[in-house]
Amino acid sequence: MRERSKTTWMERVLPTLSVIGFLIVWQLFVDIRQIPTIYLPSPLAIAKSFVSMTEDGSIFFHLSVTVLRIFAGFLVAAFAGIVMGLLMGMSRLFERVADPWIAALYPLPKISLIPLLIIWLGTGESYKIVISAVTAFFPIAMSTFAGVRQVDPGLIKAARDLGANPAQVQLNVVLPASIPSIFSGLQLGMGVAIILVVAAEMIGSSGQGGMGFLLINAGQVMDTERVFASLIVLTLMGAFIIKGQQWLDHKLAPWASFR
Amino acid sequence: MNIDVKDVRQVFSLRNGSEVVALEGFSHRFKSGQFTCILGPSGCGKSTLAQIVGGIEPATQGSVKIESEDRSSAPVPLGSDSVMVWQNQNLFPWRTILENVTFGLQMAGVSRAEREQKATRLINSVGLRGFEKHFPSQLSGGMRQRAALARALIMDRPILLMDEPFGALDAQTKIVMQEELLKIFEETRKTVIFVTHSIDEAILLGDQVIVMTARPGKIKEVITVDLPRPRSFDLVNTPDFGRLFDKAFHLIRDEVTKAMAEMNLVGAPS
């Protein structure tokens with residue numbers, strides 16, 4: 001028993017220690033070797049830059065703009081992707097019609113649509129939301145489709161045997177049975193929505209702000225502390241969103257994690 | 001309700017274009033209120049027969065008629081008088097035990113209060129009290145099979161089809177479940193078709209045991225089990241049980257050998 005609890009204690013403390021140790025080594029390395037800030041700022045310099053961005057509120061502005069865009073794009077993609085995936089899975093005709101379109105558009109790197117979308121939509125909000133929605137749509141639709149197709153036929157037989165009609169089978173068996181796949185599609189979709197929003201903000205986003213804009217702007221004026229501080233904020237934002245999504249999935253479908 | 005099965009033949013088409021005859025010329029009259037076991041080697045089409053009787057799969061040829069004395073109106077589709085208990089239970093993993101048991105009534109539009117009241121009574125009677133809010137994956141195999149039994153019994157249909165329901169359970173759990181099924185049969189006297197590959201299970205439970213041949217599945221012999229009811233597992237130590245066991249064993253030994261030989265043939269590279 002003592003051996004066991006000792007291990008858990010180590011397991012708990014070591015990850016934190018490794019981060020603190022890394023930061024100390026980094027700080028010492030920059031101080032002793034006198035590395036120019038423009039190449040590699042010290043952790044303390046980055047922290048100072050972060051504090052100044054929170055004091056003038058700019059970080060909160062850029063962060064909230066980016067988060068709003070991510071959610072806007074994601075929600076559009078989630079709705080369209082789930083509907084598309086369900087229709088493809090439940091209707092053979094629909095699947096046949098959708099197949100060539102998906103086959104052609106799924107492997108296309110969505111980022112290559114940016115020039116076209118800027119010509120059509122300009123560099124405003126709609127362009128950023130559309131590019132992230134289009135990108136997130138595919139993994140969500142494909143996972144939903146796969147989930148519907150992989151429903152255990154035994155469950156469908158059992159439901160029919162218990163008197164469910166075809167519509168009841170779709171609603172009460174096929175749909176809930178697909179939920180784990182839909183959720184994993186939504187997680188993939190969220191990941192690419194984050195990437196595409198930040199990328200879109202980097203390209204032609206001078207007026208509207210956002211974390212991508214903040215990064216590219218700081219990079220262009222060689223403000224390396226601000227680049228690092230923004231990167232850290234961006235990392236934390238991504239982690240919070242993905243963890244929050246996992247937490248929500250577990251709350252909504254607790255049975256999925258028992259399997 | 002009597003079940004009249006006439007000349008049922010079932011053919012499966014394989015992916016490579018060849019055909020497998022699972023059942024051939026199966027005719028039998030399952031009498032109302034009787035417990036009939038179908039005993040046979042793997043691949044003899046015994047599960048297929050249960051699915052045909054339950055209206056879950058259509059037969060390639062032949063007919064199944066459910067005869068009801070008190071039904072004068074138009075015949076109902078096959079399956080509406082029966083309910084199946086599956087070997088792998090087929091419980092819905094996203095529904096709690098209570099929600100699984102109430103599924104059929106919910107589909108039929110029964111009010112929540114009424115269906116939950118009925119389900120709670122059945123859950124208690126199969127010994128799952130306190131597990132209403134659990135998900136199937138949180139229960140053991142035996143408990144899941146109890147839940148599956150409750151989910152079938154709540155439909156209150158006159159015919160109970162059971163496709164190797166205890167096949168995947170460990171030996172002790174199996175005995176407990178068999179005794180419980182005997183008790184339920186005593187109380188409800190449904191017409192039961194019970195598919196199994198276990199000789200002692202078939203004799204312990206059944207009024208009749210239909211011994212099947214290897215593929216293509218035909219009836220080899222029908223053994224009448226004239227052991228008194230109510231029965232319990234102690235029966236397996238009696239001489240009468242031993243006599244019936246020997247009879248069934250000798251009938252089935254050749255068929256199992258044949259089935260194994262055929263499986264080797266199918267498994268061999270062509």
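1. Helices here are DSSP runs of H or I with at least four residues, numbered from the N terminus, and the model in which they are assigned is a predicted one.

2. Is A:Ser112 buried or exposed? A residue counts as exposed if 12 or fewer other C-beta atoms lie within 10 Å of its own, and A:Ser112 is therefore classed as exposed, because it has 8 C-beta neighbours inside 10 Å. A:Leu196 stands 84 residues from A:Ser112 in sequence, while the C-alpha atoms of the two are 11 Å apart in space.

3. Elsewhere in chain A, helix 2 (residues 43-55) and helix 10 (residues 224-252) have axes that come within 8 Å and cross at roughly 75°. Angles of 65 to 115 degrees count as roughly perpendicular, so helix 2 and helix 10 of chain A are roughly perpendicular to each other. Helix 2 contributes A:Ala45, A:Ile46, A:Ser49, A:Phe50 and A:Met53 to the contact, and helix 10 contributes A:Glu225, A:Arg226, A:Phe228 and A:Ala229. By class, the residues of this contact are six nonpolar, one polar and two charged.

4. The contact between the chains draws 16 residues from chain A and 19 residues from chain B. On the side of chain B that touches chain A, strand 5 (82-85) and helix 3 (103-107) are the elements that give two or more residues, and helix 3 of chain B gives the most, with three residues. That side of chain B has twelve nonpolar and seven polar residues, and no charged residues.

Technical notes
Residues numbered from 1 in each chain as written. Chains lettered and ligands numbered in written order. Predicted model: local features only at pLDDT ≥ 70, side-chain atom pairs only at ≥ 80, totals over all residues. Buried ≥ 20, exposed ≤ 12 C-beta atoms within 10 Å, placed from the backbone. Axes fitted to C-alpha atoms, helices over the stretch in contact; angles between N-to-C directions. Parallel < 35°, antiparallel > 145°, perpendicular 65-115°, else oblique. Contact = placed C-beta atoms within 7 Å. Nonpolar A, V, L, I, M, F, W, Y, C, P; charged D, E, K, R; others polar.
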